[in-house]
Amino acid sequence: KIVFEDTENINAPNIEPGWDYTKTFKVINESNETYYYQLIIEDLVNTFQTDYLKYKITSTTEKAYKMADYDILPKSATKTDTEISDTIEIGVGDIHEYTLYLTYEETQDDQSKDMGAILSGNIFIKEGIWLTPAVIFAKRYPNAKKRTDFSTTFTDTNVYYEDDKYTEDLDKDGKGDKVYYFTGNPDNWLSFAGFYWRIIRTNEDGGLRLLYAGTSSETEQGYINPTEGDNKNGTYPYNIGSNHVYVGYMYGTTGDVNNNRKDQINSSTVKGVIDKWYQENIYNKSDNSSHKYDDYISKTAIYCNDRSSDNYQSDEDVCKAAMQRLMKSSKCNGGVISESSFRPSFKCGVKYNGTMHADAADADKFTAQNSANRGNQLLQYPVALITADEIAFAGGSSTNTLANVYYYINSNDKSVTGNMDWWTMSPEQTGYWNSFVFIVFGSNVPGRLSGGNIIASKLVVRPVLSLKSCVQLSGSGTSSDPYIVRDIGETCAKAEN
């Protein structure tokens, strides 16, 4: 129930520049089970034409809804029930204490068009609605913008979107599908299958891509960390060989890149580690409704192991596509490229200028075996690694450190992997004797992209998986109130995405 110190009515006569208004109330759960609710303004009428009438809701209760800043109060010419919060979880016997602030800002601008305007409504609660990934991004980030400058290290905490030639075109309409992605250190925590995750982005199929962040939000061991065998500290080489063949997440025979992509029956070392972890922790385990955690996982998500390049030779050092997109090198693109040309991509095989590499191939797009004819359909388990491009979209680079970014930091503002460096699945450069895959540094060089020798470097492994587009979530995304995945129904459990 909701309890007011006065009444539920927003009583607001004589609004003028500089006007302020405050209302306090509580939401109390006196039932015998956890409840989910939304805050609404019932019968809201707001005929103000300018954007100077604003509101903010604050709370001293940890898991209650709260706003960091004032926002424009929604407008409505007729009585309308208007949602002002996402779904909020309240435990048995808990009390959420709130304060509603309203203000009409004073400004030098002309505000005469608001003369005679009306504001009325009632603060109320209704049963909460579980939100799909698409709804969360549409509701919470309606003003997401498209970022075009990737020339400098990016520290902004925000949500952006990408589409067109830098995302996969699943609809086959000639335009890549929209992808939302996080930058900086946002509220993108998610709890699933007994682990903490950071949301990287939405997938082109509408699912939600997650980066493993350990068994607690404070951990500095946010990676697969076995307790027995030869790898007690959880470090592994990327693969068993050093030449260009072994940059493949899976790979075929020796020789040129086309042979490497044919008959990809061999798994890299890191893939074997991740598959074993997935089998033990996701595939073989269930939630309280007896659904396998695997039922929640997208089978159509694409994981890019981009081996394409414009100047491939089997016995020469060659820049791979991600290096050509993200790093300054005299070997790339026929000469030195400037930082202003740097351009990450969610689409496999794309050059920094948006055109496709001549040898781009679906063989580099790793997908599950039942993935609706998308990608190479070679993954027994739908799990892989983050790409160097996804690191770059988040704000990272190969030229600067970046400690305040979600892929690096835990909830205590420390490295989530301690001083351990970790693998991506993006080949950097290859040669006959030595080949490299992009890595991310731990606390010794915070958050920076670099290249790691695929056999000589022994690093830790952080799985990446994707929730289906039909899953429903609650929570606010903070480390103390992460997104929680609701028990799914049979329709979603049987869907590929």
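This talk goes through the disulfides, some strand pairings and the nonpolar cores of one predicted model.

A word on the ground rules. Residues are numbered from 1 along each chain as its sequence is written, and side-chain values use heavy atoms, with hydrogens and water left out. Since the model is predicted, local features need pLDDT of at least 70 and side-chain atom pairs count only at pLDDT 80 or more, while totals for chains, interfaces and linings use all residues.

I start with the disulfides. A disulfide is a covalent bond between the sulfur atoms of two cysteines. Here the term is applied to a pair of cysteine sulfur atoms within 2.5 Å. By that rule there are two disulfides.

One of them links Cys304 and Cys348, with an S to S distance of 1.9 Å. The torsion about its S-S bond is about 95 degrees, so this disulfide is right-handed. Where do the two cysteines lie? Cys304 is in strand 18 (residues 303-304), and Cys348 is in the loop between helix 4 (321-326) and strand 20 (365-366), so the pair ties together parts that are 44 residues apart in sequence. Helices (H or I, at least four residues) and strands (E, at least two) are DSSP runs, numbered from the N terminus.

Are these cysteines buried or exposed? Buried means under 20% relative accessible area, exposed means over 50%, and partly exposed is in between, with a 1.4 Å probe and protein chains only. Cys304 has 12% relative accessibility and is buried; Cys348, at 2%, is buried as well.

The other disulfide is formed by Cys470 and Cys492, whose sulfur atoms are 2.0 Å apart. The link of Cys470 and Cys492 is right-handed, with 80 degrees about the S-S bond. Cys470 sits in the loop between strand 25 (464-467) and strand 26 (473-474), and Cys492 sits in helix 6 (residues 490-494), so parts 22 residues apart in sequence are tied together. Cys470 is partly exposed at 26%, whereas Cys492 is buried at 9%. Counting bonded cysteines along the chain, the pattern is 1-2, 3-4.

Next, the strands. Strands of a sheet pair through backbone hydrogen bonds, either parallel or antiparallel. Two strands are taken as paired if DSSP finds at least two bridges between them.

Take strand 23 (residues 436-440), where four of the five residues are buried. Strand 22 (residues 422-430) runs antiparallel to strand 23, and four bridges join them. A hairpin through five residues connects strand 22 to strand 23. Trp422 stands opposite Val440 of strand 23. Strand 23 is also joined to strand 24 (residues 449-453) by five bridges, again antiparallel. There, Phe438 has Gly451 in strand 24 as its bridge partner.

Elsewhere, five strands form an open antiparallel sheet in the order 1-2-8-4-5. Strand 1 (2-4) and strand 5 (71-72) stand at the edges with a single partner strand each, so one side of each lacks a neighbour in the sheet. Strand 1 pairs with strand 2 (residues 19-28) over three bridges, and Ile2 has Val27 as its partner in strand 2.

Last, the cores. A nonpolar core is a set of buried Ala, Val, Leu, Ile, Met, Phe, Trp, Tyr and Cys residues joined through side-chain atoms within 4.5 Å. The largest has 85 residues, and those with the most contacts inside it are Leu190, Phe192, Tyr249, Tyr407 and Leu467. Helix 3 (residues 269-283) gives the most to this core, with six residues. A second, separate core of 31 residues includes Trp19, Phe25, Ile90 and Leu100.
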